[in-house]
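This report is meant for a reader who is meeting the structure below for the first time. Please keep the model in view while reading, and look up each residue as it is named.

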Amino acid sequence: QAESVDSLLKSSGREGTTARVQGWIRTRRDSKAGVSFLAVHDGSGFDPIQVVVESKLGNYETEVLRLTTGCAVDIVGSLKASEGKGQAIELLAEEVHVVGWVEDPDTYPMSPKRHTMEHLREHAHLRPRTNVSGAVARVRNCIAQAIHHFFHENGFLYVHTPIITASDCEGAGEMFRVSTLDLENLPRTDKGGIDFGRDFFGEETFLTVSGQLNVESYCLALSKVYTFGPTFRAENSNTTRHLAEFWMVEPEIAFADLADVADLSEKMLKYVFKAVLAERPDDMAFFAQRIDKDAISRLENIIDNDFARINYSDAIEILEKCKEKFEFPVAWGIDLASEHERYLAEKHFKKPVIVMNYPKDIKAFYMRMNDDGKTVAAMDVLAPGIGEIIGGSQREERLDKLDGRMDEMGIPKEHLDWYRDLRRYGTVPHAGFGLGFDRIVSYVTGMGNIRDVIPFPRTPKNVAF
Ligand code: 4AD
Ligand code: MG
């Protein structure tokens, strides 16, 4: 039975015992004394295990000396204390079985040297074999697990919301349409292409931009719920923070107001950051060394300090005092641009800041109207270095007010009658938020481009894999 490289490297007292590892060659180095050193990784942790192969092995000349980066191997040997620096334990091979060769080592795209992120993106199917993509994948998994643990420990139920929907939650018109395809009778257009039709068994449907509306229905029955799934936005933006397909975490609490979800967002982020530092120290040390020197200290800072909280109107006052710094104009009523968000978090507060009570005209129809008639109970969590990572609100629970907003914004009611029912039957104040999961992974790892923290990014011109 093979053991994971990570558990072997972290074991103690195993010297002299037999072990078997299965994985891929990262590097091979041959000493003049007729011994080869293989670095073998299996993705279980950051470090590969060093395997020492002596020339007396039967296939040393014929196979071991032909091993190159990327070859798959299955190795049995005995563990011994390592003389090399960095690692306590290494494997002295008794048997090296080559499971899969690399056909043409000269053209294998993942050499052990450092590659540019662009190169890795062009080989998205092979990049998980590199240090950097492996570390991202492990941290991404750790964050996802921590989020589930957090909600579980706090009494939230995980609810699965649909991907296909008829309604536009954010009302931004950024939806991908879903249509049926009759494979037997593919209608052809005049030009010979396929006519993909227009409907989902007769209804116009889309890929969801958010699970919120559906999760609200479960919230108004089960009290504390969250959904965590893929969401889609047909925004043609080519930035380092936007994807056409991204993952969102959306908790929703009944009998709660804006301050309650602001508290929840802070508590959840701190919990997640603590988990990453505790569970993935090797990967985080790598990010701090190679990607962003502040990767660890940034998280420690957030864990140790309260988030700033400010009303939108006060945030505008702060920004107006230094408006010459910005490309985009500052005035009450604007939607904050990324440069404004980053100024508030990075320069002014120097920590995450929760901006609350935005003008109603720049926010979605479901947000609760404040008594001033001008603002809604919305909040965004802005983090230094990235800007908005969370967007949330208290929901409008009063049917007349909700209808008023829908009419004002020209939102057709026919697809949302079920949503309006939630206000007809036992309505209560409730609130929730959406965390951009990929944004939080890029924040934690310091990876500057969101395309490098999701396995197969979907952006304009990026669907090859
Ligand atoms: O602010 P947004 O649009 O909020 C909603 O969708 C609400 N329905 C959430 C809720 O209250 N349940 O999106 C929430 C978060 C943003 O703060 C951002 O982090 C992320 O989702 N996000 C994106 N991440 C990557 N690519 C995109 N195109 C994103 N658009 C939003
Ligand atoms: Mg938002």
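## The chain as a whole

The model shown here is predicted. Its protein chain has 465 residues, of which 50% count as buried, and its secondary structure comes to 12 helices and 16 strands.

Among the contacts in the protein chain with a separation of 6 or more, 67% are accounted for by residues 24 or more positions apart.

The largest nonpolar core has 90 residues, and the residues with the most contacts inside it are Ile-75, Ile-143, Leu-269, Phe-273, Phe-287 and Met-379. Helix α3 provides the largest share of this core, with 11 residues. Once residues up to four places away in sequence are set aside, Ile-75 touches Ala-19, Arg-20, Val-21, Leu-38, Val-40, Val-51, Leu-91, Ala-93, Glu-95 and Val-96.

Between the C-alpha atoms of Cys-322 and Phe-456, which are 134 residues apart along the chain, the separation is 40 Å.

## Cysteines

How many disulfides does the count come to? The count comes to 0 disulfides, where a disulfide would be a pair of cysteine sulfur atoms within 2.5 Å.

Arg-140 has its place in helix α3, which runs over residues 131-153. Is Arg-140 buried or exposed? Its relative accessible area is 11%, and Arg-140 is therefore buried. Not counting residues up to four places away in sequence, Arg-140 touches Trp-247, Phe-437, Asp-438, Val-441, Val-453, Ile-454 and Pro-455.

## Helix α9 and what covers it

Helix α9 is made of residues 338-348, and within it His-340, Glu-341, Tyr-343, Leu-344 and Ala-345 are buried. The elements that cover these buried residues include α8 (312-320) together with the strands β13 (353-359), β14 (375-383) and β15 (387-394). Just after α9 comes Lys-350, which takes a positive phi of about 60 degrees.

## The pair α10 and α11

Two packed helices are described by the angle between their axes and the distance between the axes. For helix α10 (residues 399-408) and helix α11 (residues 417-424), the axes come within 9 Å and cross at roughly 150 degrees. An angle over 145 degrees counts as roughly antiparallel, and α10 and α11 are therefore described in that way.

On the side of α10 the contact is made by Leu-399, Leu-402, Asp-403 and Met-406, while α11 takes part through Tyr-419, Arg-420, Arg-423 and Arg-424. These contact residues divide into 4 nonpolar and 4 charged, with no polar residue.

## A histidine in a loop

His-242 is found in the loop between β10 (224-232) and β11 (245-254), and at 17% relative accessibility this histidine counts as buried. Leaving aside neighbours within four places in sequence, His-242 is in contact with Glu-235, Ser-237, Arg-439, Ile-450 and Thr-459. His-242 and Asn-449 are 207 residues apart in sequence, whereas their C-alpha atoms are 9.1 Å apart in space.

## Positive phi in two further loops

Ser-223, although it is not a glycine, has a positive phi of about 75 degrees. Its place is in the loop between α4 (212-222) and β10, and with a relative accessible area of 34% Ser-223 is partly exposed.

Phe-255, which is likewise a residue other than glycine, has a positive phi near 55 degrees. This phenylalanine lies in the loop between β11 and α5 (258-279). Because its relative accessible area is 63%, Phe-255 is classed as exposed.

How values were computed
Residues are numbered from 1 along each chain as its sequence is written. Chains are lettered from A and ligands numbered from 1 in the order in which they are written. This is a predicted model: local features need pLDDT of at least 70, side-chain atom pairs count only at pLDDT 80 or more; totals for chains, interfaces and linings use all residues. Side-chain values use heavy atoms; hydrogens and water are left out. Axes are lines fitted to C-alpha atoms, for helices over the stretch in contact, and angles run from 0 to 180 degrees between N-to-C directions. Helices (H or I, at least four residues) and strands (E, at least two) are DSSP runs, numbered from the N terminus. Angles under 35 degrees count as roughly parallel, over 145 as roughly antiparallel, 65 to 115 as roughly perpendicular and the rest as oblique. Contact means heavy atoms within 4.5 Å. Ala, Val, Leu, Ile, Met, Phe, Trp, Tyr, Cys and Pro count as nonpolar, Asp, Glu, Lys and Arg as charged, and the others, Gly among them, as polar. Buried means under 20% relative accessible area, exposed over 50%, partly exposed in between (1.4 Å probe, protein chains only). A nonpolar core is a set of buried Ala, Val, Leu, Ile, Met, Phe, Trp, Tyr and Cys residues joined through side-chain atoms within 4.5 Å.
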